[in-house]
Amino acid sequence: MTLTNTYHYHMNKAEHNIRSERYSSRYTRGFLKMLVNDGQVETDKYVTQFYSSKNYQGRLEAIKYLIGVIGKYPFPESIFLDALNDFCSQVKVYVLQHYDFSLGNREQIQASLVDIAKNDEKVQLRALAMERLASLDATEHYELFFSTSLLKSSKESAAGLLGLHKIDKEKAYQMAKFRAETSSGNLDLAIAQIFESEGNSEDLGFFKTRLQQRTKFNKIDLTRIYLRLLGRIGIEAVTKTHILYICENVAATGNTEVVQRLIMELYHFISDNKVFLAEHDELLKFVNKTIDLLLEKDYLKTRKPDPFGPL
């Protein structure tokens with residue numbers, strides 16, 4: 001091939017590539033535009049479906065879709081406020097659990113959440129609304145959080161207490177100590193979280209008592225907070241005593257899966273407290289030895305007595 005022919009060959013190839021790229025770009029833009037248009041049509045369809053459907057399944061399906069496309073296609077987000085007034089609790093529950101309430105009109109959202117928290121007939125909805133309200137740092141609703149933290153319902157009082165903690169940590173700590181005398185369920189965990197944040201070694205008795213009262217997997221959520229408080233207190237002898245107590249208590253369930261969860265929590269304790277444990281090498285060895293004991297394959301099956309030794 002001559003130099004001239006070679007030149008023309010490469011020029012033609014380059015021009016062909018440019019035309020192909022331009023076509024490809026136009027095709028891609030057109031395809032993406034089509035996708036956007038189709039997505040908008042689908043979004044509009046679900047908005048209509050929510051307002052026209054006479055059964056809750058249709059309205060719930062619409063809300064699920066619309067929450068998934070927030071920010072992708074325009075639609076009136078006031079639809080979520082309307083959904084909070086739906087006569088079907090499942091629609092309201094889904095919105096309360098999955099919608100980001102920081103996106104909408106703050107004043108309208110707070111008014112709707114307060115109304116549900118105060119007046120809805122279902123405890124689950126009242127508690128969820130209180131949790132969402134707390135996540136908005138709604139300081140103007142201090143009295144609502146305070147009064148709710150005193151309610152009998154464990155779910156509601158827990159949500160109220162955690163909301164109070166965001167506004168006034170000292171008052172929430174006082175309330176947690178007050179409610180700790182008779183708490184249970186969700187309120188136990190809320191109190192534990194506040195003790196973890198604001199408490200001291202005097203509050204460890206609460207954890208011991210509640211861990212004893214909780215069954216199997218319910219022990220693990222409390223144990224996680226219990227260990228975090230021990231790490232924050234940072235006293236070697238205290239930490240050792242309470243880890244021994246935790247391990248004996250959980251091992252006594254005889255449930256291998258629960259013990260496996262405990263092993264994971266102890267690994268997290270080591271990972272989260274590297275500085276503290278680096279200064280207390282004996283404690284680190286003790287925690288690792290405890291994990292080794294828990295990993296023994298046969299002690300649960302043989303019901304070996306008191307595998308951790310005396311407290």
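Figure 1. Tyrosine 267 counts as partly exposed because its relative accessibility is 41%; buried means under 20% relative accessible area, exposed over 50%, and partly exposed in between (1.4 Å probe, protein chains only). The residue lies in helix H14, residues 256–272. Helices (H or I, at least four residues) and strands (E, at least two) are DSSP runs, numbered from the N terminus. Together with Met264 and Leu295, Tyr267 forms a nonpolar patch on the surface, with about 300 Å² of accessible area. Patches are made of residues with over 30% relative accessible area and no salt bridge, like charges being joined within 9 Å and nonpolar side chains (Val, Leu, Ile, Met, Phe, Trp, Tyr) within 5 Å. Accessible areas come from the Shrake-Rupley method with a 1.4 Å probe, and for residues only the protein chains shown count as cover. The model is predicted: local features need pLDDT of at least 70, side-chain atom pairs count only at pLDDT 80 or more, and totals for chains, interfaces and linings use all residues. Residues are numbered from 1 along each chain as its sequence is written, and side-chain values use heavy atoms, with hydrogens and water left out.

**Figure 2. The largest nonpolar core.** A nonpolar core is a set of buried Ala, Val, Leu, Ile, Met, Phe, Trp, Tyr and Cys residues joined through side-chain atoms within 4.5 Å. The largest one has 87 residues, of which Ile63, Phe80, Phe101, Leu161, Phe207 and Ile243 touch the most other members. Helix H12 (residues 218–233) supplies the largest share of this core, 8 residues. Neighbours within four places in sequence aside, isoleucine 243 is in contact (heavy atoms within 4.5 Å) with Leu227, Leu230, Leu266, Phe269, Phe286 and Val287.

Figure 3. Lysine 45 and glutamate 42 meet through their side chains in a salt bridge of 3.5 Å, N to O. A salt bridge is a side-chain nitrogen of Lys or Arg within 4 Å of a carboxyl oxygen of Asp or Glu. Both residues lie in helix H1 (residues 3–52), 3 residues apart, about one turn of the helix. Lysine 45 is partly exposed at 41% relative accessibility, and glutamate 42 is partly exposed at 28%. The whole structure has 13 salt bridges.

**Figure 4. Two salt bridges between separate segments.** In the pair of lysine 92 and aspartate 120, the closest N and O atoms are 2.9 Å apart. This pair links distant parts of the chain, 28 residues apart: lysine 92 is in helix H4 (residues 89–98), and aspartate 120 is in the loop between helix H5 (106–119) and helix H6 (123–135). Both residues are buried. Aspartate 203 and lysine 177 form another salt bridge, with closest N and O atoms 2.7 Å apart. Aspartate 203 lies in the loop between H10 and helix H11 (204–213) and lysine 177 in helix H9, so this pair ties together parts 26 residues apart in sequence. Aspartate 203 is buried at 3% relative accessible area, whereas lysine 177 is partly exposed at 36%.

**Figure 5. Surroundings of serine 183.** Serine 183 sits in the loop between helix H9 (169–179) and helix H10 (185–198). With 6% relative accessibility, serine 183 is buried. Its side chain makes a polar contact of 3.2 Å with that of arginine 210. A polar contact is a pair of N or O atoms within 3.5 Å; within protein, one must be able to donate a hydrogen and the other to accept it, and residues adjacent in sequence count only if both atoms are side-chain atoms. Not counting residues up to four places away in sequence, serine 183 touches Asp188, Ile191, Phe206 and Arg210.
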